[in-house]
Amino acid sequence: MDRSKIDQHSRVVVLTGAGISAESGVKTFRDNDGLWENYRIEDVATPEAFRRDPQLVWRFYDQRRKQLKTVAPNPAHHALAQLQAMLGPERLTLITQNVDDLHERGGSKAVIHMHGELLKVRCTRCRTITHTEADMLSDDQAETLPHCECGGLLRPHIVWFGEMPFEMDFIQNKLAECTHFIAIGTSGVVYPAAGFLQIARQIGAYTIGFNLEPPENHRLFDQFIQGKAGQQLPQWVNSLALQV
């Protein structure tokens, strides 16, 4: 039996990280100088930072949403949508560590954003989640914080440092039954996502990695493909069309 073969009976889990978005022009999580868009991580990406200076946090996320409008899905995003269309959303689960909407704009359905979404806000009181592309701080009301209809303060629907990623039970269940695990553009060092490969290996799933440079865990994959995801992934998906 060829474990690598993907067909209509396969159950595939795909995990994407910053690398796939970087090819579209999205800034990666942290530059070499330790800053994120010239902000210290501790000042914009922790619950403590939001309690200390919510205006600063909201200015940062308003800026990131504006940047999101300047980028577009790349061929890797479209290739994943093609693979999902070939297998069906029930047989391909797409999990991303990215908070942008490039997978959705590339055509993928039912994307699991384990670290949240830039285009959603959450009420700190009633927990209502709302989709929005509007700035939360207007130029003429820079000190006015955004609030929910219930009166609660709104926050970005983002998983900050020290918070639990979303949908972990669902992700664990999908990993437990997958036949193939594919990681694309992820470092393999940030947990809990870094542990997904080991879970898949333990149940005997065939594992494939795509990355511009070999990550620390690249030797753990059954197959590792080095290069730009926008080049390698479409070629690989097109080769599967003859199998599915």
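**Group meeting talk: a walk through one predicted model**

Let me start with one residue. Leucine 119, or Leu-119, touches Arg-65, Leu-68, Asp-101, Thr-130, His-131, Thr-132 and Glu-133, leaving aside residues up to four places away in sequence. Touching, or contact, means heavy atoms within 4.5 Å.

Before going on, some ground rules. This is a predicted model, where local features need pLDDT of at least 70 and side-chain atom pairs count only at pLDDT 80 or more, while totals for chains, interfaces and linings use all residues. Residues are numbered from 1 along each chain as its sequence is written, and side-chain values use heavy atoms, with hydrogens and water left out.

Back to Leu-119. Where is Leu-119 placed? In strand β6, residues 116–123. Helices (H or I, at least four residues) and strands (E, at least two) are DSSP runs, numbered from the N terminus. Is Leu-119 buried or exposed? Its relative accessible area is 9%, so Leu-119 is buried. The cut-offs are these: buried is under 20% relative accessible area, exposed is over 50%, and partly exposed is in between, with a 1.4 Å probe and protein chains only. Val-99 is 20 residues away from Leu-119 in sequence, and their C-alpha atoms are 8.3 Å apart.

Now the whole protein. How many helices and strands does the protein have? Nine helices and eleven strands. The radius of gyration is 19 Å, close to the 18 Å from the globule rule for 244 residues, so the protein is as compact as a globular protein of that length. That radius is taken over C-alpha atoms, and the rule is 2.2 Å times the number of residues to the power 0.38. Along the principal axes, the C-alpha atoms fill a box of roughly 65 × 35 × 30 Å. Of the 244 residues, 51% count as buried. Take the contacts with a separation of 6 or more: residues 24 or more positions apart account for 68% of them.

Next, helix α7, residues 168–177. Which residues of α7 are buried? Met-168, Ile-171, Lys-174 and Leu-175. Seen down the axis of α7, these buried residues fall within an arc of 125°, so they line one face of the helix. The arc is that of the directions from the helix axis to the C-beta atoms. What do the buried residues of α7 pack against? Their partners are β1 (12–16), β4 (92–96), β5 (112–113), β9 (180–184) and α8 (196–202). Turned away from the buried side is a face that carries the exposed residues Asp-169 and Asn-173.

On to the loops. Asp-53 lies between α3 (47–52) and α4 (54–68). Its relative accessibility is 28%, so Asp-53 counts as partly exposed. Asp-43 is ten residues from Asp-53 along the chain, and their C-alpha atoms are separated by 8.1 Å.

Last, two backbone angles. Most residues other than glycine have a negative phi. Ala-110 is not a glycine, yet its phi is positive, about 50°. Ala-110 sits in the loop between α6 (102–105) and β5. At 64% relative accessibility, Ala-110 counts as exposed. Arg-127 is not a glycine either, and its phi is positive too, about 70°. The loop between β6 and β7 (129–131) holds Arg-127. Its relative accessibility is 53%, so Arg-127 counts as exposed.
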